[in-house]
Amino acid sequence: MTWRAWLPQDAVRGVIVLVHGVAEHAGRYEHVGKRFSDAGYAVYALDHTGHGASAGARANIGSMDSAADNVAQLLEVAGQEFPEVPRFLTGHSMGALVVLYLVTRTPVDVAGVVVSAPPLDIPVGNPAQRLLAPVLTRLAPNLGVLKLDSSDISRDPDVVAAYDNDPLVFRGKLPARTATEILNASIAVKGRLDKLTVPTLAMHGTADTIAAPSSTDLIEKGAGTEDLTVHRYEGLYHEIFNEPEKDQVLGDVVDWLNAHSGTE
C-alpha cells in the first residue's frame, strides 16, 4: 500500500485520512491535502490496491473489506504520529463508500467523517446481470464492464484534460470485481446506515451523473448520528473538490472540521 502525507508547519489540530475514488489516485488530491494542512490538519492519503502507485491489477480493489482494512491501518499509523488530536476520515465517491463501509462495519475511533459524492443509490441492473455479476467476479475479475466518462467529473475543462492525461488514472473499463464490490458495499451500507453514529458531513453536487445525488438523501434519512450536516451544491458535477467553486467547498469542509476538532 502506497501512501503520502501533507503535514502542517505549525501546531496540528487534527489528523485526516483522505480516501480517493475508483480508477484515480491520491496524487489528484494535492490541492485538497495542502488546503487541509494549511488549516492545521495532518493529512494522510493512500492509493488503493490496483490504483496509482500501489500494486495489483489496474483498478481492481480486491475487496471492499480489504480496502476498508487498509484505510483503518493508515488511520492507526496517523493516530500514532499525532496521538493527542482528533482523527477524521474523508472520502470521495468510492472512497466515501469505503469510509461509510468501515465506520458502519464496526465502531471506529474518529471524531467525524466527511463524504463527498457517496455512491449509495446504484441501479442494481436486471435479474440476468445480478446473477452474472458474482460469476464474472469469480471467473474474470479483471474483465472490463463499465467505463466512466471523464466529462462528467468536472465543469472545468482543465481538470478533465489533466484526468485524461494522467498516467496514474485508469481510463479503461472498470473491472468486474471492483464494480461488484462497489454495488455490494452500497447495499451493505444502506442496510446499516443506523450504525453511522459519528458526526458526519455529507456533500454532493446536484448535477452529479456518476454518483446519484439521491445517495446523500439516503444518508440524511437513515443515518444514526444526531450530528449530521448536509451540503448540496447546485449545478456542481461529481468532483466537487475539483469544480470552479472548489474554494467554497473546501472552505465548508475546513469550517466543519474546525467545529468538530474543538478549534473553531
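Q: What makes the sheet mixed, and in which order do its strands form it?
A: In this predicted model, local features need pLDDT of at least 70, side-chain atom pairs count only at pLDDT 80 or more, and totals for chains, interfaces and linings use all residues. Residues are numbered from 1 along each chain as its sequence is written, and side-chain values use heavy atoms, leaving out hydrogens and water. The open sheet has 7 strands, ordered E1-E3-E2-E4-E5-E8-E9, and "mixed" describes their pairing. Strands are DSSP runs of E with at least two residues, while helices are runs of H or I with at least four.

Q: Why are E1 and E9 called edge strands?
A: Strand E1 (2–6) and strand E9 (228–233) each pair on one side only. Pairing takes at least two DSSP bridges between two strands.

Q: How do you know that E4 and E5 pair?
A: Strand E4 (residues 87–92) and strand E5 (residues 112–116) are joined by 5 bridges and run parallel; the definition asks for at least two.

Q: Why is H2 called roughly perpendicular to H3?
A: The axes of H2 (residues 64–81) and H3 (residues 94–105) cross at roughly 85° and come within 9 Å. The label covers 65 to 115 degrees, so H2 counts as roughly perpendicular to H3. Angles run from 0 to 180 degrees between N-to-C directions, with axes fitted to C-alpha atoms.

Q: Which residues make the contact of H2 with H3?
A: Contact means heavy atoms within 4.5 Å. Among the residues making it are Met64 and Val71 of H2, plus Leu97 and Tyr101 of H3.

Terms used
Parallel < 35°, antiparallel > 145°, perpendicular 65-115°, else oblique.
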